[in-house]
Amino acid sequence: MRDSIHKYFRMGTILWMSYPPAQYGFTEPLKKILSDDYFDAIEVKSVENETQRTEAKALLAQSHMTVCFGAQPGLLSRGLNPNSLVEEERKEAEAFLCASIDEAEYLGAEGIAFLSGAWEEGTREQAFEQLKKTTLAVCRYGASKNMTVNLEVFDYDMDKKALIGPAPYAARFASEIRCFCRNFGLLADLSHFPTTYETSRFVIQTLRPYITHLHIGNAVVKEGCDGYGDKHPRFGYPGSANDTPELLDFFQVLKEEGFFRKDDPLVLSFEVTLRPGEDGDLILANTKRVINRAWALLED
């Protein structure tokens with residue numbers, strides 16, 4: 001592809017995945033990403049330390065980058081379920097997501113992303129209705145602040161075991177929410193396609209009207225292999241599903257389906273993290289190399 005990838009996408013990374021805070025801290029990795037002109041966007045999660053939050057707001061404001069806010073880690077760490085059949089639990093998740101919109105607004109983000117919760121086969125449709133209730137409330141609150149809300153499509157039976165996907169179920173959910181809320185969309189992640197037993201072509205074509213955000217990364221779906229599940233290892237990790245050919249296919253499908261939008265580029269973020277003993281700088285460079293190679297192989 002002769003054109004720069006930056007013509008069609010706002011390239012980003014997920015800060016807490018590229019540089020896990022427990023290993024790297026917060027401020028220095030944030031500065032490192034904000035100072036790297038490869039990136040047009042950055043995804044951050046809740047900053048609980050007030051001093052760090054104030055500093056992050058100032059740094060982000062200086063960067064001229066698109067800021068995105070991930071509520072997924074907060075939901076998971078707190079054990080919150082937006083589709084809980086217990087109404088008080090559902091309301092707790094809803095309140096957390098509305099508070100996430102407030103923090104995202106403070107940090108200068110355009111909106112938030114979240115994921116659905118655990119479900120059981122016998123009550124799947126009831127959980128679907130509960131998730132609708134939560135999502136509509138959060139979207140309406142977000143709309144009052146001109147903020148978007150993205151639901152990330154996860155695996156449904158492998159690791160996170162979230163209610164949404166697979167892709168057809170995600171499309172059904174999105175279509176019902178969009179009847180009421182235009183600020184809602186779906187976050188499609190190449191890392192999750194192998195975990196839902198789907199291909200780039202199937203997922204992107206199925207979700208096409210609703211995709212508003214993109215992630216790329218890798219997964220190991222061979223049981224018994226290191227990194228099995230939704231662990232987001234580096235491209236080319238032993239026994240994993242995604243590398244340069246799969247990313248090239250992903251780009252090709254996006255191109256065919258009209259997602260190369262120079263006038264309104266979507267955020268396309270790395271969701272790649274470290275396995276034990278690995279180095280964040282090297283894994284970030286690995287991801288850039290795979291992207292550069294796949295993009296170079298893409299036909300004009």
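Author: In what follows, contact means heavy atoms within 4.5 Å of each other, and the structure discussed is a predicted model.

Reader: Which residues of α9 does α8 meet?

Author: Helix α8 spans residues 167–178 and helix α9 spans residues 200–207. On the α8 side, the residues that make the contact are A167, P168, A170 and A171. Under the cut-off of 4.5 Å between heavy atoms, their partners in α9 are F202, V203, T206 and L207.

Reader: Are α8 and α9 roughly parallel or roughly antiparallel?

Author: The two helices, α8 and α9, pack with their axes 9 Å apart and at an angle of about 15°. Because angles under 35 degrees count as roughly parallel, that angle makes the arrangement of α8 relative to α9 roughly parallel.

Reader: What is the handedness of the crossing in which α8 passes α9?

Author: A crossing counts as right-handed if the near helix is turned clockwise from the far one by less than a right angle. For the passage of α8 across α9, the crossing is right-handed.

Reader: Which residue joins G165 in a cis peptide bond with omega of about 20°?

Author: Most peptide bonds are trans. In the loop between β5 (148–152) and α8, where G165 is placed, a cis peptide bond joins I164 and G165 with omega of about 25°. A cis peptide bond with omega of about 20° joins G165 to P166.

Reader: With which side chain does the side chain of H192 make a polar contact?

Author: H192 sits in the loop between β6 (184–189) and α9, and it is buried, with a relative accessible area of 2%. Leaving aside residues up to four places away in sequence, H192 touches E152, V153, F154, D230 and H232. The polar contact of its side chain, at 3.5 Å, is with the side chain of H232.

Reader: What is the phi of H232?

Author: H232 lies in the loop between β7 (211–216) and α10 (244–256), and at 3% relative accessibility it counts as buried. Most residues other than glycine have a negative phi. H232 is not a glycine, yet its phi is positive, at about 55°.

Terms used
Residues numbered from 1 in each chain as written. Predicted model: local features only at pLDDT ≥ 70, side-chain atom pairs only at ≥ 80, totals over all residues. Heavy atoms only, no water. Axes fitted to C-alpha atoms, helices over the stretch in contact; angles between N-to-C directions. Helix = DSSP H or I, 4+ residues; strand = E, 2+ residues; numbered from the N terminus. Parallel < 35°, antiparallel > 145°, perpendicular 65-115°, else oblique. Buried < 20%, exposed > 50% of the residue type's maximum accessible area, 1.4 Å probe, protein only. Polar contact = N/O pair within 3.5 Å; in protein donor to acceptor, adjacent residues only side chain to side chain.
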